[in-house]
Amino acid sequence: MLCEMCGKDVAVPTMVKVEGTVLALCGDCSRFGTAVNPPAGAVLPADRPGRPGGGTLDDRLRTESRRREERDLFQELPDLELVPDWPKRVRQAREKLGWTPEELGKRLNEKKSLVLKLESGGFRPPDATVRKVEHLLKVRLRANPGELG
Ligand SMILES: [Zn+2]
């Protein structure tokens with residue numbers, strides 16, 4: 001449409017109040033008045049509801065969760081460490097209960113292959129799994145670093 005002041009053809013005119021009258025003006029002329037009803041483009045994307053999150057927010061969440069993991073690791077380390085023969089302890093405790101690797105896996109909500117990997121020492125389980133195994137088999141797999149001699 002055409003600028004109501006200079007007649008220039010503008011795709012998106014700016015609504016500007018000039019001396020009490022709202023006019024649709026081009027960018028050049030809009031500075032002669034006060035802009036009213038800012039165009040949609042002036043609203044920050046982040047303030048629009050229902051829009052998939054921008055990269056900025058995702059990045060921040062990723063960074064925060066990474067920071068949390070690092071802090072958790074740091075807190076775990078000084079307390080308890082897996083004993084050197086923990087894979088053997090898992091197998092012995094399981095056999096004492098008469099459970100097959102499959103059965104232990106089921107109770108851990110894990111695959112049988114993970115149990116076998118645990119018992120061969122080929123997989124360092126996350127602390128949550130270690131705690132579950134200890135609880136299920138009633139066996140200690142961790143010790144204070146001082147106890148490990
Ligand atoms: Zn103009």
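**Reading the model**

Guide: Let us begin with a charged pair: Glu134 and Arg142 form a salt bridge, with their closest N and O atoms 2.8 Å apart. Keep in mind that this is a predicted model.

Visitor: Are the two partners, Glu134 and Arg142, buried or exposed, and why?

Guide: Buried means under 20% relative accessible area. Glu134 has 14% relative accessibility, so Glu134 counts as buried. Arg142 is buried as well, because its relative accessible area is 11%.

Visitor: How many salt bridges are there by this rule?

Guide: The count comes to seven. Among them is the pair Glu103 and Arg107, whose side chains meet at 3.1 Å, N to O. Another of them joins Asp127 and Arg124 at 3.2 Å, N to O.

Visitor: Where do Glu103 and Arg107 lie?

Guide: The general idea first: an α-helix has 3.6 residues a turn, so residues three or four places apart point the same way. Here, Glu103 and Arg107 both belong to helix α4 and are four residues apart, about one turn of the helix. Glu103 counts as partly exposed because its relative accessibility is 28%, and Arg107, at 44%, is partly exposed too.

Visitor: Let us move to the nonpolar residues. Which members of the largest nonpolar core touch the most other members?

Guide: In general, nonpolar side chains of soluble globular proteins tend to be buried together. In this model the largest nonpolar core has 17 residues, and Trp86, Val90, Leu104, Val133, Leu137 and Leu141 touch the most other members. At least two residues of this core come from each of α3 (86-97), α4 (101-108), α5 (112-119) and α6 (127-137). There is also a second, separate core of eight residues, including Val16, Val18, Leu23 and Cys26.

Visitor: What is Leu141 in contact with, leaving aside its neighbours within four places in sequence?

Guide: Its partners include Trp86, Val90 and Val133, and also Glu81, Arg89 and Glu134.

Visitor: Which residues of α5 are buried?

Guide: Leu114, Val115, Leu118 and Glu119 are the buried ones. Viewed down the axis of α5, the buried residues fall within an arc of 135°, so they line one face of the helix. They pack against α3, α4 and α6. Just after α5 comes Gly121, with a positive phi of about 75°.

Visitor: Now the metal. What are the protein donors of the zinc ion?

Guide: The donors are the SG atoms of Cys3, Cys6, Cys26 and Cys29, at 2.2 to 2.4 Å from the zinc ion. Along the chain their spacing reads C-x2-C-x19-C-x2-C. Cys26 and Cys29 are both buried, and Cys26 is also part of the second core.

Visitor: Why is the arrangement of the four donor atoms tetrahedral?

Guide: The ideal angle for four tetrahedral donors is 109.5 degrees. Around this zinc ion the four donor atoms subtend angles of 104 to 112°, which makes the arrangement tetrahedral.

Visitor: To finish, how many helices and strands are there in the protein chain?

Guide: There are six helices and five strands, and along the sequence they follow the pattern β-β-α-β-α-β-α-α-α-α-β. The protein chain has 149 residues, of which 26% count as buried. Of its contacts between residues at least 6 apart in sequence, 42% join residues at least 24 apart.

Definitions and conventions. Residues are numbered from 1 along each chain as its sequence is written. This is a predicted model: local features need pLDDT of at least 70, side-chain atom pairs count only at pLDDT 80 or more; totals for chains, interfaces and linings use all residues. Side-chain values use heavy atoms; hydrogens and water are left out. A nonpolar core is a set of buried Ala, Val, Leu, Ile, Met, Phe, Trp, Tyr and Cys residues joined through side-chain atoms within 4.5 Å. Buried means under 20% relative accessible area, exposed over 50%, partly exposed in between (1.4 Å probe, protein chains only). Contact means heavy atoms within 4.5 Å. Donors are N, O and S atoms within 2.8 Å of the metal (3.2 Å for Na, K and Ca); water is not among the atoms, so sites may look incomplete. Four donors count as tetrahedral if all angles lie between 85 and 135 degrees; four count as square planar and six as octahedral if opposite donors are over 155 degrees apart and all others between 65 and 115; anything else is irregular. A salt bridge is a side-chain nitrogen of Lys or Arg within 4 Å of a carboxyl oxygen of Asp or Glu. The arc is that of the directions from the helix axis to the C-beta atoms.
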